[in-house]
Structure formats: C-alpha cells, structure tokens
Amino acid sequence: MSILRPRDFYHFGYVVDDLDAAARHLTALSGARWTTPVEFEMGLRYGGVDREVEFPVVYSLEAPHFELIQATPGTPFSNGAGGGVHHLGYWAQDFASDLDRLRDLGFTEEVVGLDDDGGPWGFAYFTGPTGQRFEIADRATFDEGWDGFLNSRVA
C-alpha cells in the first residue's frame, strides 16, 4: 500500500520571510482566503535534538491548501528566501506506522513533532533520495477536524 496517496495530499508548504506579503501575493494570484495567523509552540526533534520551537503559520481556506510558515532562524523553517515549495503535505493513514515505513524505504527524517512525553506526534518531514521533502500529518492532531480547525481561525 502506498504511503503518499494522491487522495491524501492536502497542502503545499512554503517558508516565507513575510507572511502578510506572501498571503497578499497568493491572494492576488489565486483568490485565496486565509486563516488568521496561528502561533504554534511545540516540541520538535530535528538535527537529533529535541527543542521547543515557536513559528507562525497561515493556511488558505480552499483546497488544495497553501500553508505559509514564517521563516524563523535556527529552526527547520529558516529558509524563507527563494520562494520555492518547502514541502508537500499528506495525511498519514497510520502516523506511527507511516514513520517507520518511510524510514524503511530510505527516506530521511528531518523533523518530527513531539508529544508531552517526547514521542512522535502531529507531523513529520522526510526527504526522499532525490531531495523532495514530504510532510505526513496525523489527522487526529486536530480535535475539531481539519475543516473545523481552519474555520475556527477565520477573521
């Protein structure tokens, strides 16, 4: 069974230097409407080290979604310049099993979200053998469901 199934694709992730400017540009280009900024503060494992990271994000309301992440030095989101797609986001079928399967297929884990006990939680970024970065996300992370999460953050 495939891990990154087309029907589970849900967003293009961009790391940007200016959330407002990037959102305005994409609105002019596509008509996208946006959530208010979401300030995530969470544990992440990257570079083999567990760290608390804060990063602001906005999401477009229409699918497939744009996710704009504010570039933040010293984090996995530090490469805002350049404007290319940072990652493609997919819903995981079984988050824990998909982490193991991607590792077994030779993908390199870059980042994994952590729960309060230091276990994998929420999302993870992997790079493939040819350099593409993919995010797998656990739907269970959103208590109100993805659409409920987005709609609860509309100005």
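This is a predicted model: local features need pLDDT of at least 70, side-chain atom pairs count only at pLDDT 80 or more; totals for chains, interfaces and linings use all residues.
A polar contact here is a pair of N or O atoms within 3.5 Å, where one must be able to donate a hydrogen and the other to accept it.

Start with H87. It sits in strand β5, residues 87–91. Is H87 buried or exposed? Its relative accessibility is 1%. Buried means under 20%, so H87 counts as buried. Now the polar contact. The side chain of H87 makes one with the side chain of E67, at 2.9 Å. What else does H87 touch, beyond its neighbours within four places in sequence? Besides E67, the list has H11, F12, G13, I69, Y125, R133 and E135.

Now the overall fold. There is a closed barrel of 8 strands. Follow the order around: β1-β4-β3-β2-β6-β7-β8-β5. The pairing is mixed. From one strand to the next, the twist averages 35 degrees.

Take one pair. Strands β1, residues 9–16, and β4, residues 65–70, run parallel. They are joined by 6 bridges. For example, Y14 has L68 in β4 as its bridge partner. Helix α1, residues 19–30, packs on the sheet here. It touches β1, β3 and β4. Its direction makes about 160 degrees with that of β4.

Look at L44. It is 79 residues from F123 in sequence, yet their C-alpha atoms are 9.5 Å apart.

Both belong to the largest nonpolar core, which has 23 residues. Seven names touch the most other members: L44, F55, I69, F77, F123, W146 and F149. Elements β1, β2, β3, β7 and α3 each give two or more residues to this core.

Pick out F77. Not counting residues up to four places away in sequence, F77 touches V15, L44, F55, I69, Q70, A71, T72, H86 and Y125.

Finally, another core lies apart from the largest one. It has 13 residues, among them I3, L99, V112 and L114.

How values were computed: Residues are numbered from 1 along each chain as its sequence is written. Side-chain values use heavy atoms; hydrogens and water are left out. Two strands pair if DSSP finds at least two bridges between them. Helices (H or I, at least four residues) and strands (E, at least two) are DSSP runs, numbered from the N terminus. Axes are lines fitted to C-alpha atoms, for helices over the stretch in contact, and angles run from 0 to 180 degrees between N-to-C directions. Contact means heavy atoms within 4.5 Å. A nonpolar core is a set of buried Ala, Val, Leu, Ile, Met, Phe, Trp, Tyr and Cys residues joined through side-chain atoms within 4.5 Å. Buried means under 20% relative accessible area, exposed over 50%, partly exposed in between (1.4 Å probe, protein chains only).
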